[in-house]
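Hi everyone, thanks for coming. Let me put the structure up, and then we can walk through a sheet and the packing together.

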Amino acid sequence: MMGPGPGGLIAGMTVLDADVVVIGTGSVGSMASWQLAARGLRVVGIDRFPVPGPFSAYAGESRVFRMVYMEGGQYTPLLQRARDLWHELEAASGAELLTVTGMVTITDDDHPVHAALLRAGRERGLSFEDVSGAQARQRLPQHLIRDGDVAVFDPEGGYVHSEHAVFAALQEAQRHGASFLGERQVRSLERDGDRWVVRTDAEDVRAPRVLVATGTGAGPVCDALGTHLAVLPQVLTWFPIADHDLLARQPQQVFIRSSREAQFYGFPSTDGWTMKVAASVYLDEVASMARPVTWDPRHLDTVQSWVGTFLPALVPRPVRTVVCADGYTVDETGLLGPVPGLDGVVVAVGFSGHGFKMASSLGAVAADLLADGTTATDISFLDPGRFLAPGQTLSALPLAAEH
């Protein structure tokens, strides 16, 4: 998946030239590389891990896609564009990347999540159903539905095949001429006339435009922009199916249970004998995901308890685990846009555990900004300068390697 771009030698150092350098080729960087290369721009992508990488935030097979979004209707344009782009990438790659199963969120009838879902759906005129009581129990036999529970059904929901999607985007980018340099440590980003020089431990890459999409490695970038990035590992879990007949009574769909007693989500079975069900429970913050994270098996006690209580068709003992990590900003909202004071530099980092469903549109917006200088998609709420003082600009953006 790696290959050098055009360039030469300066004082023994390989120098590559490009139209855009993409630093970080994971969830958003891969999608931006695809979009930029498809527009005819020369793209060189750089990553600290192999491309694709083993410790990426998109690990673990799948990510939830939802259109009725409890985080707010401001995300709707990004979600709608993402849906269309997932299908576009499917058509280009020949792979199924977005599986639409319908989505249900089960919560207490007086929970703030319920109110937020209804508000987001109504404000944006989205299709959804709000169901409770006997009707909810009938439609959700695989779940324990208690008195006071409500279920909000989102017909456009489903899941994205996250690892496959990133691989497909990288392949499409490469097919359009992009080059990728894996296992590189980016040392600095320096101005050189009308271009930027991205210095790695192996070469310099020069381009007038740069995208910084460094995922869980974006701590120094977020610090410079006035916010902290908390890197929080999560253990994803798969549970065996004990009662296939119960699951077969109704079509399976992606689900979230967000109540006062439990916070977890799950997917239809992809292998016929297990279901991926993961709790919204994180390990302690870590400085880096450059090495495997260790964890105590007792960390799984919570998700096992919730599965045993609320999902009667499953055996509440996981048979597979995968560790991934999310990078959370202090307001749990990403940073996407031009860096104040650094002409030609765009950041796309810190999407706080809910970025992958929109990764295709986040990458496309970044490509808009780099190729055209503007975008028609409203991203004002993701302004990367919102933590800086009014009028404050940066003279540099640190990209120091983690040790």
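Eight strands form an open sheet with mixed pairing, in the order 8-9-7-17-18-19-16-20. Strands here are DSSP E runs of at least two residues, helices are H or I runs of at least four, and both are numbered from the N terminus; two strands pair if DSSP finds at least two bridges between them. This is a predicted model, where local features need pLDDT of at least 70, side-chain atom pairs count only at pLDDT 80 or more, and totals for chains, interfaces and linings use all residues. Residues are numbered from 1 along each chain as its sequence is written, and side-chain values use heavy atoms, leaving out hydrogens and water.

Which strands stand at the edges? Strand 8 (129-132) and strand 20 (320-328) do; each has a single partner strand, so one side of each lacks a neighbour in the sheet.

Further in, strand 7 (residues 103-108) runs parallel to strand 17 (residues 254-258), joined by four bridges. There, V104 stands opposite F255 in strand 17.

Now the packing. The largest nonpolar core has 58 residues, and M31, L78, W86, L211 and L336 have the most contacts inside it. By core I mean buried Ala, Val, Leu, Ile, Met, Phe, Trp, Tyr and Cys residues joined through side-chain atoms within 4.5 Å, with buried meaning under 20% relative accessible area, for a 1.4 Å probe and protein chains only. Helix 9 gives the most to this core, with eight residues.

Leaving aside neighbours within four places in sequence, W86 is in contact (heavy atoms within 4.5 Å) with residues including M31, F65, L97 and F356.

Technical notes:
Buried means under 20% relative accessible area, exposed over 50%, partly exposed in between (1.4 Å probe, protein chains only).
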